[in-house]
Each structure stands twice: as C-alpha cells, then as structure tokens.
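Reader: I would like to go through this model term by term. Please set each value against its definition.

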Amino acid sequence: MPCESDAAFRVLIVDATNTGRSAAGERLLRKHLWARGVGRDRIRITSAGLNADDGVAMQDLAREVIQAHGGSAQGFAARSLSEAMVEATDLFVVGTGYERDELVRRHPRTLGRSFTMSEVARLYEGLGLASPLHEHPTVLERLRTGRDVPTDWDLPPWESLEERAHAVGARINEAADRIADIWAATAPTSSAPVAPPGGGEGAFLVDAFGVTVAVHCEGAGGDALSDAGRRAWSRCLVERGDADVRVDVMVGPDPEVLTAARARGVLAYPDVDRALHHLSPAITVRAIEQRVGSLVMLHAAGLASPTGDVVGFVAPSGTGKTTIARTLGAHYAYVTDETLAVDVGRTVLPYPKPLSVLESAGPMKDQWGPESLDLLPPPPGRLRLARLALVERVQDAPSLPVVEELPLLHGLAFLAEQVSYLSRLPLQLHTLADLVESIGGLVRIRYREARDLLPLMPSLFEGAR
Amino acid sequence: MSDAYRLRDDAVVRSSWDDALERGGEMLVLAGNDVTLLSPLAAEAVLAARHGITVVALAERLVCAFGEPEGGDAGDMAREVVLALVPRGVMTLESAE
C-alpha cells in the first residue's frame, strides 16, 4: 500500500498491562534491530497496554527474560493505549489472539494491521517479500485471510509461571531475530547521506527501473558473493556511472564479524545463498524509494512483445508472478517478475532482476538470473505498457483461463492495493485512472496454470490498440 | 465502540479523504493509505458527512435518497455504514459513548 517514505515505520507492541510480554517484545525487537544497524529513525518500536496503569514498572520476570536474551530493561514505564497512539502506528504486534481481538474491538482502525508475534513470524516464513516495509501489514493480512495460522504459541501452564515466562521470552526472542532480518532489508533507508559508491572488485552496479544501485560486497565471502551477484543480476548490470543509492552486504563465517557489520547497517549473512536471498528485496525497496512520486510502481510481472509492447500481470506478493514470468518468459521478453515501473507516458522501465525459485526443501528460495533460465531479453528501444491484467491463480479453474473486463472503479480498487506509494503520486487515484483508461481498462484473469495464459498473449497485446 | 448499540443517535460522524473518483453513484476513495470502494449508499453517507452530521440526521438523509430499508431500521442502517467506514479511515466519530 502507499505510504510516507520519509517516515519511520512505527510498530506498537500491545498486551493487557504493558508490564510483561509487550515490554519484552519492545526491548527484544529493539535489540535485534539495533544489532542490524536499524535505529528509531527507520523503525520505531514502542509498547502500550489495553488496561495499563501509566508509569508502572515492568514485572520482574519480564526484566529477567529481557536481560537473559541480551536486551536492556532500563528506563521502562508502562503506558496505557490511547487513540493518538493508534493513529500514529503502522503495525500492531499483540501478545495473544484474545488481546488482538480486544484491540480491534476497542479500536476499529487497527483492523487489518494487528497480528500476534506468532502470526507475524509464521506469515513471513518462506515469503521473499520485495516490497517496502510500510506495505507489509497489507501483505500479511492478505496471507492470514487465506491460511489457518495459529495465533498463539504452545506454552507451559500458568501454574509453572516462571517456566512459562521464560518460554515466552525465548519465543519472542527467536521471532524478533527472524523478523529483524526481514525488516532490516526492507525498512525505510536512513536519512543519512549516501556514501560515495566507490569501486573495487567487490562492488557492482545494477539498474533497477532507472535507479542505479551500488552493491558493495565485503567479508571473507565477499568475492564469491560479488561473482554470484553479477551472474544473478546480469541483465541489470551497469558497467560504470554514479550510484543513486547503495546496499552493503557481507558474507563470512565469523558470527562476531557479522554482528559488528550488522551494527554498521550492513546486511550480513553466513553464506552467499542467504545473502542473495535478502539482497533482492533490499535493492528493490531502495530503488522504489528513489522513484516515489515519479513512477507508477506496480506489483506485477511484465512480459514484452518483440515490438516492445508490455503486458503486466498484477498480483500480490507470493501468488504466482514469478511463475508467470518464468513460464511466459520463454516466449516473450522478460521485463520483471516483481515491480513493473511505468511513467506518465506509459513507458515501462525494465527491471529484469533474478527470479526467486523454490528449488530445495529449505525455507529460502534460490535466486536465478534470467540468463540462467533462458528467458528472452527485452527488445531494444522503448517499452510501452499495452495491457494490465489482474491475475488470480485458482486451483479448480477451467483449463481455459476466464477473462473478465472490470468496471473502472472495481478494477482500480484491486489495482490500488498493488501500487507502491500511491498516496505520494501526483493526483493519486486520478493518475492511476488515467493510466488504466489509456490502455483500455483492466481485465481480471482467473487461471489454473501459468502455461494456460500463453494462448491469451496475442489478444492481450492487441487489447490497447 | 465497534458495537452498533454503543453508537448514539446524537453521535457526530465526519468523513474525510485525500482523493476520490465517482462513477455511476459509486465512489473510490483514498484515505491515508487505504483505498475503499463505496456502494451508492455508502457514497451518499460519506458525502453527507463531509462537514459532520449526527447519526440520526444521516439516517434521515439515507432514507431520503434510498427510501426506508426493507425489514430494517434506518438508524441501524446508518450505524452499519459508519462502523464499516471507521476502520477504513473514511469516517471518524466525533462524539460517542
């Protein structure tokens, strides 16, 4: 969803009294974000209680748990949840499912933005989310709607209070560690000036829809990462030029070195595969932030005809865009599998990034360059948006995809959910409506398999003519 | 606040949005970061509440535009619309229990 790119992402941890779980959640999430060099100017973590007494100290057990996991319990005072806090929050992380429901009952504005920490951690599993952090609540809510995600952790009984508290602390700490990894890669970038990109063998430049991103690889595995990165990003490589923004990545075996690097804001991982996995969303998010307000940036796969006409297949993250790009990209030019960037003149700026493909049994997807997958390159010259289709993969859809023309407002209502920073576009909905009307409106396509879309392509390219 | 019976007749509701499109009685509104498609009934309510309106006056306005709801109460209908739009940021309650 659209959002303010120049503001920190604001997270409020909520429970009943703000003396136990929420206090531990606040301090441990802060700890893990700080350890990755993410300060409150990028992600602001605070907490409050539905029935809290303002100024009360946290429980001794919460203090023990925080300190046991290396966090700081100093300077804490409970706060009662206010309407102003609700209005100033992007994401609510709530102690239990019961408390989450109570939060939504009391404050309807929290609907769709409130999750237990257990839910947040589970919903992120296996999700290679390449969208700005401000859009994550919408993505998580959509994923929750379609899945049976447990809201609470299995814990020791209340009779074993101390054991239960430490179990909760361990779960919070583990979840916060994983969440911080994802948030560090997709959080708003620091307002600090970008250091000069420099050169060196461990650095390479990529073009992401007109934004030049410098990727600096360091550590014992820096050269291996640089080599693998150049291969995976081969279609986006820029030989020379000034960078608009930079990403620093380290690969190395020493946990202490990685920890020190994270504290400097470097994305640091023990192996190349993990680094490449997190590098992709980091590059995408930084490029998106550079083009806020000047491009319409859609969550869409793009395929181009030999004459440069582009069809965009719009769909939420994790619902088949990459499979569409990979399948159709054997026959039509691969433009992107994630972010389709279009200017006001309908010119498409390509972003042929690596494709995230789930090949192994592990939770992470492998990054495959379009060259390795034999995807066709875009033709030379201008690429022009010809058609936008909202696509939905349905298991029991007929083998012939169902195509439906959508009334303008109904189509825009779906499309708007898949636009980055809509609220920052000049004329907002009107800009989006003008773009859609210039290509003959929107269609919705329900399909079973990506290959079923192939016979539709000629008619989609003809659609806007 | 989310229970209909808690929304009093004299509660004042106000609508606001950053951008909107209208077609055939329907409205698409952008309020903050949320985009919401409004039915003709909800669109009428949102337009009526642009400068603030009590729940009872809103109910009267909706009855004028669409007639009495079949088998229902106009006040309840207005409350349902308000309670659906508050979470979307399109309406706010200015005074209520």
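Reader: What share of the contacts with a separation of 6 or more in chain A joins residues 24 or more positions apart?
Author: The share is 75%. A contact means two C-beta atoms, placed from the backbone, within 7 Å.

Author: A note on the source. This is a predicted model, where local features need pLDDT of at least 70, side-chain atom pairs count only at pLDDT 80 or more, and totals for chains, interfaces and linings use all residues. Residues are numbered from 1 along each chain as its sequence is written, and chains are lettered from A and ligands numbered from 1 in the order in which they are written.

Reader: What pLDDT does chain A average?
Author: The average is 90, and 94% of the residues score at least 70. pLDDT is the predictor's confidence in each residue, from 0 to 100. Over residues 1-6 of chain A it stays under 50.

Reader: Why does the radius of gyration of chain A agree with a compact globule?
Author: The rule, over C-alpha atoms, is 2.2 Å times the number of residues to the power 0.38. For 465 residues that gives near 23 Å; chain A has 23 Å, so the two agree.

Reader: Why are α1(A) and α7(A) called oblique?
Author: Their axes, lines fitted to C-alpha atoms over the stretch in contact, meet at about 40° and lie 8 Å apart. Angles under 35 degrees are roughly parallel, over 145 roughly antiparallel, 65 to 115 roughly perpendicular, and the rest oblique. Therefore α1(A) and α7(A) are oblique. Residues making the contact include A:L28 of α1(A) and A:I172 of α7(A).

Definitions and conventions
Axes fitted to C-alpha atoms, helices over the stretch in contact; angles between N-to-C directions. Helix = DSSP H or I, 4+ residues; strand = E, 2+ residues; numbered from the N terminus.
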